[in-house]
Structure formats: structure tokens, C-alpha cells
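Let's take a walk through a protein structure together, one stop at a time. Keep the 3D view open and follow along as we go.

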Amino acid sequence: MPSLARTRSQRGVVLPSPVALLSIVAVVVAAVTFVATRGGEPTEREITTVAAPSPSAAPTTAAPAPPPPTRTPPPVVRKKVMVEVYNNSSVKGLAAKVGDKAGTIGWQVVGADNWYGNVPATTVYYPKKLKAAGKQLALDLGVKRTARAEDPMKLDRLTIILTGPLD
């Protein structure tokens, strides 16, 4: 009796996965874009307009325009700015000493402690809104380096990290 079951052919086509196909397409598109945009001059040009003088207009001398008003930042009120002082050196009591000095100048020193980590040089760290105060504190204490505050520093006060005695 003949068998009614069909035998399956061992031949077939293996297709790559969709992820592999998308990756190949992305590489090809990137290569074409790179080649197409290489070496092109920028198409932007500066355009200046020149007004032609009218023949009937007599030459006039115009008064120079007044300089634009300069915006002066408000002065720093030292007693309203909180300051933390940290010692990152082997000098015992340095943070307390510098904190006392800042306090006598008028800064509101709220803490002094040791700092554990690496700081390249004595630095006054300031949050964005206290940049002017940070620069002023650095001037008051003779600190040459200032930088934006970073984690884990608090963003409502200035932070001084001392790597040695101030000059």
C-alpha cells in the first residue's frame, strides 16, 4: 500500500532576523549619507544690505549713537550667603581657621569639616545662581580657583575645599 504521507524536502531558505536586516540597512544609509555630504562647502552666506544714497539727499552728520546701557549685577550681600568650608589637607584645624576668617569678613559660615576625595587645588565651588558670590568669596580669601558646584555639594550655598593654607 502506497504511503499517503508526503516527505518533506530538506531544502529551504534561511532568512536573517529583522534586527540584522535593520542593522544592515542603517549601516548602508549612514555610508551613503557620509559619502553624499563629504567635502561640501557650507551653503550659508552672510548677506549685508547697503542702502544706496538718494541723489537729492544732502549729506548729514549724524551724532554717534549712545552706548547701550551696561547691566551691572547687584552687589553681593555676604551675610545672606551660606558658606561651608572643608579641609582636604593634612593641616589640622585649617577649615575652622579659614571659616573664622570668612566669618569676620561678613560671610555666613554654616559649617567646617574634612573633605575626603581628590581636589587639585584650593577651590571655591558655587551653584549657578551664586556665581558672583563665589567669585567674591574667592577674591576675599585670595583663592585663585573657582568652579561650578557638583554632586554631593549643596546648591544653596558656596563650598570651599582647602588643599593647603591660604597665602
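How many salt bridges does a search of the whole structure find? The search turns up 4 salt bridges, and keep in mind that this is a predicted model. To count here, a side-chain nitrogen of Lys or Arg has to sit within 4 Å of a carboxyl oxygen of Asp or Glu.

Start with D140 and R78, whose side chains meet in a salt bridge with an N to O distance of 2.7 Å. D140 belongs to helix 3, while R78 is in the loop between helix 1 and strand 1 (82-87), so this pair ties together parts that are 62 residues apart in sequence. What about R78 and the surface? With a relative accessibility of 26%, R78 counts as partly exposed, because that category covers values between under 20% (buried) and over 50% (exposed).

Now move over to R157, which pairs with E84 in a salt bridge; their closest N and O atoms are 2.9 Å apart. Find R157 in the loop between strand 4 (145-148) and strand 5 (158-162), then find E84 in strand 1: the pair links parts that are 73 residues apart in sequence. Are these two residues buried or exposed? Both R157 and E84 are buried, and for R157 the relative accessible area is 11%.

D156 is partly exposed, at 34% relative accessible area, whereas R157 is buried. Because salt bridges can share partners, E84, K154, D156 and R157 end up joined into one network.

Let's go back to helix 3 and see how it sits against helix 2. Two packed helices are described by the angle between their axes and the distance between the axes. Helix 2 (residues 94-105) and helix 3 (residues 131-141) pack at about 110°, and their axes are 11 Å apart. Angles of 65 to 115 degrees count as roughly perpendicular, so that is the label for helix 2 and helix 3. On the helix 2 side, the contact is made by V98, K101, A102 and I105; on the helix 3 side, by L137, D140 and L141.

Last stop: the surface. I24, V28 and V32 form a nonpolar patch there, and together they have about 280 Å² of accessible area. Look for V32 in helix 1 (residues 18-37). V32 is exposed because its relative accessible area is 52%, and exposed means over 50%.

Terms used:
Residues are numbered from 1 along each chain as its sequence is written. This is a predicted model: local features need pLDDT of at least 70, side-chain atom pairs count only at pLDDT 80 or more; totals for chains, interfaces and linings use all residues. Side-chain values use heavy atoms; hydrogens and water are left out. Patches are made of residues with over 30% relative accessible area and no salt bridge: like charges are joined within 9 Å, nonpolar side chains (Val, Leu, Ile, Met, Phe, Trp, Tyr) within 5 Å. Accessible areas come from the Shrake-Rupley method with a 1.4 Å probe; for residues, only the protein chains shown count as cover. Helices (H or I, at least four residues) and strands (E, at least two) are DSSP runs, numbered from the N terminus. Buried means under 20% relative accessible area, exposed over 50%, partly exposed in between (1.4 Å probe, protein chains only). Axes are lines fitted to C-alpha atoms, for helices over the stretch in contact, and angles run from 0 to 180 degrees between N-to-C directions. Angles under 35 degrees count as roughly parallel, over 145 as roughly antiparallel, 65 to 115 as roughly perpendicular and the rest as oblique. Contact means heavy atoms within 4.5 Å.
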